[in-house]
Amino acid sequence: QVQLVESGGGLVRAGDSLRLSCTMSGRAITVYHMGWFRQAPGKEREFVASISWNGGRTDYADSVQGRFTTSRDNAKNMMYLQMNSLKPEDTAVYYCATDLKEPDWSQVPKRRVSDYSNWGQGTQVTVSS
């Protein structure tokens with residue numbers, strides 16, 4: 001059974017950095033597009049970043065562009081989200097996701113929740129002012 005697990009969340013101050021990790025067990029991530037989303041209390045889950053199967057194309061929400069960087073290590077079955085210059089409005093539960101419906105060799109970004117079939121349980125990121 002495929003399982004996605006996020007780690008690396010925590011409580012930090014505005015301006016600090018955090019690095020989130022996502023590991024997938026049960027299947028190699030090599031041929032699948034992957035993404036990061038977040039959900040703040042009372043708000044809908046929103047797109048943060050995505051990365052194509054080989055890391056050749058990354059895509060970011062305007063709110064994190066220039067501050068967040070996503071990467072992946074297919075050999076380790078891992079994906080990462082480096083978050084710099086964190087702001088209080090970045091506070092949310094962060095989820096990693098992948099679309100396992102079929103291999104995706106394209107470099108087309110995926111931003112919709114419905115583009116992804118499998119999700120992790122989330123990791124809390126809290127940024128104090």
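**View A. Ser52 in the loop between E5 and E6.** Ser52 sits in the loop that links strand E5 to strand E6 (58-60). Strands and helices here are DSSP runs, numbered from the N terminus (strands E, at least two residues; helices H or I, at least four). The model is predicted: local features need pLDDT of at least 70, side-chain atom pairs count only at pLDDT 80 or more, and totals for chains, interfaces and linings use all residues. Residues are numbered from 1 along each chain as its sequence is written, and side-chain values use heavy atoms, with hydrogens and water left out. Ser52 has a relative accessible area of 0%, so it is buried. Buried means under 20% relative accessible area, exposed means over 50%, and partly exposed lies in between (1.4 Å probe, protein chains only). Leaving aside residues up to four places away in sequence, Ser52 touches His33, Arg57, Arg72, Ser106 and Gln107. Contact means heavy atoms within 4.5 Å.

**View B. The disulfide between Cys22 and Cys96.** The count comes to 1 disulfide, taken as a pair of cysteine sulfur atoms within 2.5 Å. Cys22 is joined to Cys96, with an S to S distance of 2.1 Å. The pair links distant parts of the chain: Cys22 is in strand E3, Cys96 is in strand E9, and they are 74 residues apart. The torsion about the S-S bond of Cys22 and Cys96 is about 60 degrees, so the disulfide is right-handed. Both cysteines, Cys22 and Cys96, are buried.

View C. Side chains alternate along E1 (residues 3-7). Leu4 and Glu6 point to one face and are buried. E1 pairs with E3 (residues 18-25) in the antiparallel sense, over 5 bridges. Two strands pair if DSSP finds at least two bridges between them.

**View D. Strand E8 and its partners.** Of the 6 residues of E8, 5 are buried, so the strand is largely enclosed by the rest of the structure. E3 and E8 run antiparallel and are joined by 6 bridges. Leu18 stands opposite Met83 of E8. E7 also pairs with E8 in the antiparallel sense, over 6 bridges. Met83 in E8 is the bridge partner of Phe68.

**View E. Two positive phi values.** Most residues other than glycine have a negative phi. Asn77 has a positive phi, near 60 degrees. Asn77 lies in the loop between strand E7 (68-73) and E8. That hairpin has 4 residues between its strands. Asn77 counts as buried because its relative accessibility is 14%. Ser85 is not a glycine either, yet its phi is positive, at about 50 degrees. Ser85 lies in the loop between E8 and E9. With a relative accessible area of 41%, Ser85 is partly exposed.

**View F. The largest nonpolar core.** This core holds 34 residues. A nonpolar core is a set of buried Ala, Val, Leu, Ile, Met, Phe, Trp, Tyr and Cys residues joined through side-chain atoms within 4.5 Å. Trp36, Val48, Phe68, Leu81, Met83 and Tyr94 touch the most other members. At least two residues of the core come from each of E3, E4 (34-39), E5 (46-51), E8 (78-83), E9 (92-98) and E11 (123-128). Phe68 has contacts that include Val48, Leu81, Met83 and Tyr94, not counting residues up to four places away in sequence. Its contacts also include Arg38, Gln82, Asn84 and Asp90.

View G. Rings of Phe, Tyr and Trp (its six-membered ring) pair if their centres lie within 6.5 Å; planes under 30 degrees apart are stacked, over 60 edge-to-face, and the rest tilted. The ring centres of Tyr116 and Trp119 are 6.1 Å apart and their planes are at 65 degrees, so this pair is edge-to-face. Tyr116 is buried, at 5% relative accessible area. Trp119 is partly exposed, at 25% relative accessibility. Phe37, Phe47, Tyr116 and Trp119 form one aromatic cluster. Arg19 lies over the face of Tyr80, 4.0 Å from the ring centre. Arg45 lies over the face of Tyr95, 3.7 Å from the ring centre. A charge sits over a ring if NZ of Lys or CZ of Arg is within 6 Å of the ring centre and within 35 degrees of the ring normal.
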